[in-house]
Amino acid sequence: MKPYLKNFSGKVRPLCESFGGVRTDCDPVALPSAQAAEMKNISAQSFPVLKTREKRTLLTNAGEGVLFFGCMEGKYLTVVQKTGSVCKWKYFDGGWHDIGVVAESPRYALLYFMDRNILVSSAFETKDGIEKSKSYYAIIGETVSFGTETLMPRSDMADTVNNRICAAYSGSDKVYLGGITDRTVWFDIDDGLEQKVITQNGENAEAICVFGGHLVFFKPHSFAEIYGNTPDSYRMIPVSGSVGCVAHKTVCDAGRLMWLSDDGIVSYGGGTLPKVVSEPIRRYIDKALSSGAGDAAAAADSRRYFICLPQGNGEYINCVMNLKSGEWYVEDNTHFTGFAKLSGEVCAISADGKIYRLFTGDGEPLDWKWKSAVFKIDAEKVLSLHRLHVLCDFSGTFYIKVRINDKESSAAEYQALSAAGAARRVLTINLHPRLFSESDSFQIILGGNGSASVYSVGASLRAKKKTYM
């Protein structure tokens, strides 16, 4: 790559020889050349090349009114969908099938326990003075068995640990563990647990999950872990009295536990305090927290943590962290309301009910954009920018823009010769010296429609006075 650029006549100064993630926590003048001030639809797996993100496959359309999205047994996508005044639990195996009618609930939880899929809702009945949730079960075979049970304590979050169901309710600060290998036993048992989680700032539960074999209990500004497997050994260990979870759908296991807190997105490996890992996207985090982050949602695979953040005024942005490098990238502004893993692949549902496989698709049209750091021109040598050279391959269209004094003063557009394949080429944009008469800095904007891989960007300089390079 480098020798290829150096073959140009004249002096070419390398500007970008690798492309990293986005940084919104500092001024573009202070950015390293590899990082971007802004980006759209750039792949988190692209470093050191700048590549458009992986395309998505539209799997199906569940339609409007989806209250919950998940996956059963790793192979059946499932939703709770409200139509009129009726909420139906449905699953997808190439087509949508009804499971049964369920109660409406602001939140649901889904788990697989022993031999059945269990859907937990916060709808409840009071029996013997105890509020108990309505839960529903489905056994999927040649036919579908469906039933309703009112056994669990009032809950809208659940998981399994050590062959027990654990449950909590967002309207209380209690956590429960049921009987071992028995979904029907909860109260007045020798080996269960009912514990009030007392913290200095009070607050109710926001999320629970199992990580590293331990149940983790989140409040908005604190979290703790439960150790042990019998009443004699159960022990609640506070981890943090200030860092908690503000959006329950952002909690996921990415090899480490990650979620959205009031401090940003944090990473927790167990045994230590959580670490904030979202400073590079601080601007988007701040907007999310100020606009109410409760509906933010996230998912992870072995390489990426993907989070959809509200940005106010009904807008959203999808940010992706490369788990190996820690770099953040920005995809698009689709509003994803939930995520699930189907056969190990991340699927997402949008606000209008469309369900996508995120990272294994093709054929999706993409508009992409990348905005560089601000580059300074060498004032001592009285040089101005003469040409930009971009080494890339692409299909569709490609544009190069130069921003000077906050204006995109010059641009060049290119059309691929063949949409069937990408050809390696050097794209050049010529710049008139008058553009730099009152400026000693510039910013590069690359973008287009289609797919692209950008390998490096170089600049030819020339003297502002009558001297020659």
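How far is the sulfur of C245 from the closest cysteine sulfur, and which residue holds that sulfur? The legends below walk through this predicted model view by view, and the second one takes up that question.

Figure 1. Along the principal axes, the C-alpha atoms fill a box of roughly 95 × 50 × 35 Å. The protein has 469 residues, and 53% of them count as buried. Among contacts with a separation of 6 or more, 54% join residues 24 or more positions apart.

**Figure 2. C166 and C245 are shown with the cysteine C209.** Here is the reply to the opening question: the closest cysteine sulfur to that of C245 belongs to C209 and is 8.8 Å away, which is too far for a bond. A disulfide calls for two cysteine sulfur atoms within 2.5 Å. A search of the whole structure finds 0 disulfides. C166 is in no disulfide either, and the nearest cysteine sulfur, again that of C209, is 9.1 Å away. Are these two cysteines buried or exposed? C166 counts as buried because its relative accessibility is 0%. C245 is buried as well, with a relative accessible area of 0%.

**Figure 3. R357 makes a polar contact with E345.** R357 sits in strand β31, which covers residues 354–361. The side chains of R357 and E345 meet in a polar contact of 2.4 Å. Looking past sequence neighbours within four places, R357 is in contact with K55, R56, T57 and L59, and also with L342, E345, V346 and C347. E345 therefore turns up both in this list of contacts, where the cut-off is heavy atoms within 4.5 Å, and as the polar partner of R357.

**Figure 4. S121 is a buried serine in strand β10.** The strand that carries S121 runs over residues 116–127. How buried is S121? Its relative accessible area is 0%. A polar atom of the S121 side chain lies 2.8 Å from the backbone oxygen of K134. Once residues up to four places away in sequence are set aside, S121 touches A103, S105, R107, Y108, S133, K134, Y136 and S155.

**Figure 5. A cis peptide bond joins F47 to P48.** The omega angle of this bond is near 5°.

**Figure 6. D128 and S343 have positive phi values without being glycine.** For D128, phi is near 55°. D128 belongs to the loop between β10 and β11, the latter spanning 130–140. D128 is exposed, with a relative accessible area of 78%. For S343, phi is about 50°. You will find S343 in the loop between β29 (336–342) and β30 (345–350). S343 is likewise exposed, with a relative accessible area of 62%.

**Figure 7. A37 is a buried residue in a loop.** The loop in question lies between β1 (12–16) and β2. The relative accessible area of A37 is 8%, and A37 counts as buried because the cut-off is under 20%. Which residues does A37 touch, leaving out those up to four places away in sequence? They are V22, R23, T24, P28, L31, R283, K371, S372 and Q443. A37 and G20 are 17 residues apart along the chain, and their C-alpha atoms are separated by 11 Å.

**Figure 8. P106 is an exposed residue in a loop.** Look for P106 between β8 (96–102) and β9 (108–113). With a relative accessible area of 74%, P106 is exposed. P106 and I165 are 59 residues apart along the chain, with their C-alpha atoms separated by 21 Å.

Notes. Residues numbered from 1 in each chain as written. Predicted model: local features only at pLDDT ≥ 70, side-chain atom pairs only at ≥ 80, totals over all residues. Heavy atoms only, no water. Buried < 20%, exposed > 50% of the residue type's maximum accessible area, 1.4 Å probe, protein only. Helix = DSSP H or I, 4+ residues; strand = E, 2+ residues; numbered from the N terminus. Polar contact = N/O pair within 3.5 Å; in protein donor to acceptor, adjacent residues only side chain to side chain.
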